[in-house]
Amino acid sequence: MTISIPTTVIIMVLGLIGIGIYALLTTRHLIKVIVALQLLVKGAMLALVLAGRLTGQEELGQSLAITVIIADTIVAVIGMALAVQVRRVIGTLDLRSLTSLRR
Amino acid sequence: MFHVLIAAAALVCAIQAVRAARLLLSALWLAGASALVALEMYLLGAPEIAVIELSVGAGLVTVLFVFAINLTGEENLDARRTIPRPLSWVLLFGASALLLIFILPGINQSETGQVYATFREIFWEDRQLDTLLQILMILAGVLGVLGLLSDQKTDLSPTQKDRRA
């Protein structure tokens, strides 16, 4: 039995998004959260390229994917700068200690 | 078959990136997953995106990760979780089911070879607003990083100053 290319890519997309969501839900480390976000967005990007291919509008899907890449990179950069500052001010990267802002 | 191998390898890299105890290894596995996603995009007929993803996703972001990990240091948090494991599995399956409901109707659509416009036309003309917003996003990102990494002493809020005093 051969698996068609779209099915394979959809499995890959679902896997990446699933792993990303699971890691986002379970991890408490700020940098690991950024890793999880990156995985999630890679899945979304692949889905955009595949959707463009399936509907015959490859170029539209690709130009949207570029937007996603840029937004994702900026999120990662800001997240890491935030992590560095959080570490400097609070002394830990544990997400739970960020709840001290409530006090 | 090649596609299946790439998909399997990318998923293994992703799982390892999440599971790895050391942050540096996590970043390296993420770079591997990114490179495999880029390869898959190339095979899907999107070489421009593949190149950008490879240079930005696997290159730049990994370098930034290593930089950030160096600055913050490795930190082993205890294994307590924010939400219980069964709940996270339930949420995960719920999200996957929703995705499948949206994806499945389109999966059997036949691939059409019709080309509406070239990549350049769409990127620079049809989606001009997107391009402008991307430039704005990059500027906002630069300003954000500059603001975050600038000297902390000057922008303490009054309550923080009280607490420090």
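Modeller: We begin with a definition: helices (H or I, at least four residues) and strands (E, at least two) are DSSP runs, numbered from the N terminus. In these terms, chain B has seven helices and zero strands, and along the sequence its pattern is α-α-α-α-α-α-α. Chain A has three helices and zero strands, in the order α-α-α from the N terminus on. Please note that this is a predicted model, in which local features need pLDDT of at least 70, side-chain atom pairs count only at pLDDT 80 or more, and totals for chains, interfaces and linings use all residues. Residues are numbered from 1 along each chain as its sequence is written, while chains are lettered from A and ligands numbered from 1 in the order in which they are written.

Biologist: How is the overall form of chain A described, and what is its radius of gyration?

Modeller: The radius of gyration is taken over C-alpha atoms, and the globule rule is 2.2 Å times the number of residues to the power 0.38. For the 103 residues of chain A the rule gives 13 Å, whereas the radius of gyration is 17 Å, well over that value, so chain A is more spread out than a compact globule. The C-alpha trace of chain A spans about 55 × 30 × 20 Å along its principal axes.

Biologist: What share of the residues of each chain counts as buried?

Modeller: A residue is buried if 20 or more other C-beta atoms lie within 10 Å of its own, exposed if 12 or fewer, and partly exposed in between, with C-beta atoms placed from the backbone. Of the 103 residues of chain A, 56% count as buried; of the 165 residues of chain B, 22% do.

Biologist: Is Val77(A) buried or exposed, and which residues does Val77(A) touch?

Modeller: Val77(A) belongs to helix α3 of chain A and is buried, because 21 other C-beta atoms lie within 10 Å. For touching, the rule is that two residues are in contact if their C-beta atoms, placed from the backbone, lie within 7 Å. Apart from its neighbours within four places in sequence, Val77(A) is in contact with Leu64(B), Gly141(B) and Val145(B). Met80(A) is also found in helix α3 of chain A and counts as buried, with 23 C-beta neighbours inside 10 Å. Leaving aside neighbours within four places in sequence, Met80(A) is in contact with Ile34(A), Leu64(B) and Ala68(B). By contrast, Leu98(A), in the segment after α3 of chain A, counts as partly exposed because it has 14 C-beta neighbours inside 10 Å.

Biologist: How many residues does each chain give to the contact between them?

Modeller: Chain B gives 69 residues and chain A gives 66 residues. On the side of chain B that touches chain A, the elements giving two or more residues are α1 (2–19), α2 (23–43), α3 (47–72), α4 (85–107), α5 (119–126) and α6 (128–149) of chain B. The largest share of that side, 13 residues, comes from α3(B). To sort residues by class, Ala, Val, Leu, Ile, Met, Phe, Trp, Tyr, Cys and Pro count as nonpolar, Asp, Glu, Lys and Arg as charged, and the others, Gly among them, as polar. The side of chain B that touches chain A has 42 nonpolar, 19 polar and eight charged residues.

Biologist: Which residues of α1(B) are buried, and which are exposed on the face turned away?

Modeller: The buried residues in α1(B) are His3(B), Ala7(B), Ala10(B), Leu11(B), Cys13(B), Ala14(B), Ala17(B) and Val18(B). They cover an arc of only 160° around the axis, which puts them on the same side of α1(B); the arc is that of the directions from the helix axis to the C-beta atoms. On the face of α1(B) turned away from its buried side are the exposed residues Phe2(B), Leu5(B) and Arg19(B). The cover over the buried residues of α1(B) includes α1 (5–26) and α2 (30–55) of chain A together with α2 of chain B.

Biologist: How many residues does the largest nonpolar core have?

Modeller: In soluble globular proteins, nonpolar side chains tend to be buried together. A nonpolar core is a set of buried Ala, Val, Leu, Ile, Met, Phe, Trp, Tyr and Cys residues joined through C-beta atoms within 7 Å. Here the largest nonpolar core has 68 residues, and those with the most contacts inside it are Leu39(A), Leu46(A), Val49(A), Ala14(B) and Ala33(B). The elements that give two or more residues to this core are α1, α2 and α3 (58–90) of chain A together with α1, α2, α3 and α5 of chain B. The largest share of this core, 16 residues, comes from α2(A).
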